[in-house]
Every structure is written in structure tokens, then in C-alpha cells.
Amino acid sequence: MVVGGGRAGQDAARAAAERGASTLLLDEDPIAPALVGRNVPYWFGGLRPPRSRVADARLDDLAALADAGVDVLAGTSAWAVFADGTVGLFDGARTWLVRAGEVVLATGTVDLALPLPGWTLGGVFGACAALAMAERAGTLGVERLVVVGDGALARRVGDAAQSVGTEVVATVDGVRERVLEMRGAARVSSVIATSGGQRSEIVADGVCVAIGRQPATELAEIAGCALVSHGLLRGVRHDERGTTSRANIRVVGALADNDATAASARAFDAALGAIDLADGTTACACEEVSAGRLRDAIRVSDGDLDEAKRRTRVGMGPCQGRRCLPVAMSLIAHAYVRPSEGVARPRFRPPARPVPISALATEEDVAIPRSAPFAHAEERLIADAHADRVSPFAIARFDRRAEELQLRLATTGASEAEAEQLARALESEIRAAATRGE
Amino acid sequence: MDADAIVIGGGIVGLTTTFQLARSGRRVVLVDRARPGAEASGRNGGHISPGVDGGWAELGRRALVLWPTLAAELGDVEFRRAGGLYVVMANDAVEPHELASHRRARGFLAEAVDAERCRSLLPPLAHDIKGGVLSSDRAQVNPQAVMARMTDAARDMGVTVWHSTTVTAIEVQHDEVRGVRTTSGSVSSGAVLVSAGPWTGEVAQLAGVDVHVRAQRIQMFVTEAVPRFTDMLWAGNGLYGRQAVTGQLHVGAEGPAWDPPAERFDHEVTAPTLQRIARRLSALMPGLADVCVLRAWAGIINHSADGFPIIDALARPRGLIVAAGMGGNGFGVGAVVGCAIAELVERGTTDLDLAPYRLARFASEND
């Protein structure tokens, strides 16, 4: 199974199909509006595409893959990868599980948010979001754009913006030239920047932060793959083939490019260092936690990010820390001495995408083979519960343990007599437990 | 360094003991292998809704009395006592009135209510339910806020907290506890509490004491925020849930038999259990079908062999107190246990009858 239909994912899928492996490729595009609104997986910052579709070039690529024998599922996300190679899929309506002999993660990169004053205003977004929006929707919904960053990524954003009719009114490198503040009501309307000691106010209705990108490691984290720190960021540990610490999971493409991650980490650190992060600036946008509150929590937690998270809810909102955890780690790293492997950061937990309850509920229930002695024991307990001789709350406890035992009996092919014995023993235990201590 | 008491394990039991002792002016050292509240006490569902059977009844009754006061003392821990509704599904074997009278007979408030009343209390509820049991004194709290505030208050009162610390030895001489050695230093004390949840056995072993508890991994998930529709706890169809002050739903249930909880010390989330929680919630509250799940997690609870807590101030070695096996409703009753142990350390006695919770009951059953 290949997760991600970009160049690296396509190559991996094609190679697998050519080897004769039954190959399934998932591609999340088009990114659902619900995800866009939650800043998942990119920092969309309130951008609302009038429409979103898979880009023509991508459609052609996926069609070619299908011709090459790959099963392609468009509009489908992976919400979890488990260590045994089971992958949870989600197509917007339902979830289901697929067992794969090998899982190739080609999930690429996601945005790095900078806590510039005013960064939570609408119209302030990341580079991945900008590129995705330009390609899929053919528009950014921005007339006048300021780009923050000066590397290849910033240039790509500038080019993409211009190609969809957005004017790039300024590019600020983020270190020598800095954004001091972004102003606006609900949406950004002007940017105060400084360059060579000169302040200027730039009228703009969009700001794209293009300092760098972080690898989209959530599925690797969920699967328990070993990670490797690169300054404030972390990637997946892998060998030259991309094989991770889980032998059945490989990483490819931008996700696996640990050199690029290290470079982004350096750029991010430099840009963060140039920001005078006031206590009043928002640190976690989802949970509305200020930098001051986060700093206090870090101090009280003696530099433990897990504890600071529990105290403030930082990283617990819909974007699950994509925008705020690198910043939180920066606050810790600069205040506490840390060993060379970097600041410990909590691992991503499933689901990797917000999934509706009804969608998670769609997997088939496995039937437990029932055996008569347990049914009889349950009947006796229920009768006694009605007669107030046994706690009615004990029935649920009996049912739960009976389920486990009947499953064990079915898998070991035990005899009727054994079933009878186990059922009676369980019944006695439940009866005794309900009254002990009274 | 010496102390009036050393507490090993900063979960709700150990932390409450520490907090109460500190308020009485005692000198306490709290030791934790990670951080106070990093394990089950910081991962649970936040229900103050104790079991009513057997040895749980007395602890449960006390928990319902203790928590309003304790919460007020701690400050804003999002404590809300709006009651709990246990929903009885159409195919449940027992009737609401049977459950209600069972609770009342054990000294708990409980009223059987019909389906219509249930739905008026919890609008997203399914139609085809028998009804429910309303217990108006049950409450909810933010367990992470409790742990944070109690830890901070303890520190403010002079408690020494050694986090990220492993106990390497419990010193016993002439059948009396003398102190502990840890990776952060040594402390002398005549009172050592081992309240280390699933790790209680291995720590108690350092003093030559056998404590057996079974670990069980329990999973929950949290949803995005939805407009507040209740301040009540709810349970039914095998699951339990509540809505946080900020609107997120916290829901948990035991997983299916083919996804065994086993004796797990990991915090992995599994698909079958996650799906079961979602399936059960969909059946219980179809009105929540479109709400998105943001994150699932796991915590590790622990049970004794007979399913009731172990709370024992041992005769040998004297000065060693063991508290474990708090089970599935441990957060609520854990605070009661912590208060009782603090009294025990301070005064030598506690008004909670500890006879049902003695460790020795297991040894005698094996004879």
C-alpha cells in the first residue's frame, strides 16, 4: 500500500506493480473543505477555495498508474497505520481497514507556522497550503500577497501565486527583513515590515509563510517507527531503501528527505529567533493558548512538553500540534539544556485526520462463536439480578469476560466439558465479586 | 535528607496523600518515574461516578461527598456536579428500576427515568432505549487540571517532587521501613507509601512485599468541540462519556474480545477498540454522528486479583503502606484513598474501615 499520490508515491506504486505485487495507492486529493477549515494537513489560514479538484496533471498520472496495474483510490486518506501493517482508510464517508504486506509512506511535507504577531488572522497561511490551493483550485483568493522567506520554497510560492493572478507585493526573508506585525479585523489587511532599519506598512490581504516545511510524519509516528531529531523538527529514521525501524514500513520522497528537514529546521530556528515573541501572542491557535501561558506551563513543568501540553491543551486541537508544537519545542530548547537527541515531543495518535464518529463506526463487527454453557450462566445471573440476588451491574462484567473466554475456546477448539467448566467458574467469580466486602 | 513521608507514585492516590499531608504541615517527598499525572490519572475520563458493589460502595459514597470540597480547594478544575445518567438500551438484560433500586440499597442516589426524560436530558440520544438511571450527585472534573493544581499546591507547601526518578531501594531494618534510595537522591522516613498503579508490584518488591495487580490498557477518544448540550456524565451501551467545558466529548469503552487488553504497559491505540467506541457511541447517540474524532489515546489501569482495591498499612515492614488496584473508577475513589492514607500517616488511624482492603486476603486464599 502506498500512501500519497505525489511523484515519490507514484514511483513506488509503479515499481511495486511492476514487481508483480498487488498494489493500492491512496491519494487524499482533493483535500476536503472540512479539512481545509481545520488547518489539516496544511496551514490554510482561512483560505477558502471556491472549488477544489484534483489537478489535471495529477489525474493523468493516476490514470497512467491504474493502467500500470495499480489500484488507485482518490479522495482517500489514511487515518492510521498500525505496526502489523494494517492501514485505516477514510474516504469522507466511511472508514475501513486494509492489511498490507508493505506500507510505503509518501505523505510529503506540511507547513511550518511562525508565531508572528497577528498570525491567526484569516489570510495568513503556509507554503504547502498555497501551493495546493493554487494547483487544485486555480486561485488563492488573495489579491495582494506578502511572502515570508527567501529560499526556493518562497520562490515557488511567488511563482505559483502569480500564475493564478495574485500580485506578490513584497517578499520578506524573515531574518534580515522581518514582519513585525500583521493587522486586520478578521482578515489581514496590512503588514508592518522592517528592512535595514526602515519600517514600512504594506497593504496586503494575504501573507504566506514559506520559511520551510516539516515532514508529515503522523502515520509513521502512529505506527511506532523510530524518529530522528533535526533541531526543532523530526523525521523518520530510515535506511538507504527508506525502510524504517518497522521492517514493513518504508518512507519515500520529501517525507524521507532528512537533509531537507534539517535545512528547514535551521531556517525555522533562524526565523523564530528573529521574532520577539511577546507573551500576548497566540502560541496555539486551535486552543487559544498565549505564548505567556505556554511559557509558564513549560517553566512549571520543568521543560517537559507532555506535561506542558496537559496543563494548557497546547497541541490538542483540530490541527493536533502541526502549527504549534515546533514553536513549543523552541521555547523549551532555548530555556533548557537538552541531550543531543533533541526535545522530546509527544507522538501523534490516531486518527491522523479528523474522522466523523459515524465513519469510524462502519467497520464490521466480528461475531463471537457463542457456546451454550455461557448462555445458561448468563440466564441464571440475569434471573438473579431481577430477583435482587446479584448486582445488575455484574451482568455487563460477566458478558465482557464471557466474550473473551468464548473467543479463546473457539480458537483453541476446546471441548463442551471445558466450556461448561469455564462458564461455571466465571459465574462463581462474578457472584462472589459482587458481594465481597459488603 | 529526611521526611515525614515518602510517596512513590504521583497518581491521584499518591498526590492526594501528599497534598493532604502537606496541608497538615508534614514534610513529604513525592517520587515519580515520570511526572505526576502522566499516567492513568492524567488520561482518564474525568468521571466521579463510582461503582456501588461490594468493597467499592463505601469508597464510592465517600468520593461523592469529598469531591465538591476537594475541587473547590484546588481552584478551577472544571468541576461540575450535574449528575450522571446511565442509559439502559433496548436490549439490555436489566430494567432501569432494578439498577436504580440496587444503587439506592447501597446508599447512593438513583432514580429510574423513562426514555423521554433521558432524551430531554441528552438530546442526541437514540429513541429505542428503555430509559435510564439518574444519579444527581455524580460529577465530572478535568483530571489533568486536578493533577496540575494539586502538584502545584503541594510544591507551594514545600513538598519536594522528584520527577523522572526511579526508586532503587527501599531500606528496611528490623522489619521497619527506614527510607528509600532513588536516582535523584536518598530520603529517610518511617513512612513510605507505594501507590504506583500498575508498577506497584515491582516497587513493593524492593521491600520484599508481594503485591499482584493486573494491568489493563483502556482507550478513549476526544472529539472536536460541539455546542454544549449537557453538564451531566453519561454511560450506557458499554461506554462512558462527558462533555468538557469547552465542548469536546471525551468517550471511552472497553475493546472487543479479539483486541485483548492483556497485561499491557504500552499506550498504543488499536483500531478494533477505537471502532467499537465509535460504533457504541453511534448507537447510543445517533445525534452525534457527524462529530469528528480528533485523537485517541490509551491509559493503563490496574486491578487486584479480586477486583477490589488494596489499601494496607503493613505490619511488616512497619511503615510501608501499599495502595493499588483502583480499577476502572480509580480517579474518583483514589482521592478518598489518598485522604485516608494521609490520616493514617498523621494520626495512626483513619475512620475508613480498611479491613476489606488488606493485602493479606490474597495470601490466605492461596494457603
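**Conventions.** I number residues from 1 along each chain as its sequence is written, and chains are lettered from A in the order in which they are written. Because the model is predicted, local features need pLDDT of at least 70 and side-chain atom pairs count only at pLDDT 80 or more, whereas totals for chains, interfaces and linings use all residues; side-chain values use heavy atoms, with hydrogens and water left out.

**Entry 1: helix α9 of chain A.** Of its 8 residues, 7 are buried, so the helix is largely enclosed by the rest of the structure; buried means under 20% relative accessible area, with a 1.4 Å probe and protein chains only. Among them are Leu305(A), Glu307(A) and Arg310(A). In chain A, these buried residues pack against β21, α8 and α10. In chain B, they pack against α2 and α6, where contact means heavy atoms within 4.5 Å. Arg313(A), which follows the helix, has a positive phi, near 75°.

**Entry 2: the interface.** I then turned to the contact between the chains, which takes 54 residues from chain A and 56 from chain B. The two bury about 4800 Å² between them, 55% of it on carbon and sulfur atoms; this is the accessible area (1.4 Å probe) lost on being put together, summed over both. In chain A, Arg310(A), Ile357(A) and Phe393(A) lose the most area to chain B, together 16% of what that side buries.

I found 8 salt bridges across the interface, each a side-chain nitrogen of Lys or Arg within 4 Å of a carboxyl oxygen of Asp or Glu. One joins Glu268(B) to Arg349(A), with the closest N and O atoms 4.0 Å apart. On the side of chain A that touches chain B, α13(A) gives the largest share, 6 residues.

Entry 3: Val355(A) stands opposite Val293(B).

**Entry 4: a sheet in chain A.** I traced an open sheet of 5 strands in the order β3-β2-β1-β7-β19, with parallel pairing. At the edges stand β3(A) and β19(A), each with a single partner strand, so one side of each is left without a neighbour in the sheet. The partner of β19(A) is β7(A), paired over 3 bridges, and here Val103(A) stands opposite Ile249(A).

Conventions:
Buried means under 20% relative accessible area, exposed over 50%, partly exposed in between (1.4 Å probe, protein chains only). Helices (H or I, at least four residues) and strands (E, at least two) are DSSP runs, numbered from the N terminus. Two strands pair if DSSP finds at least two bridges between them.
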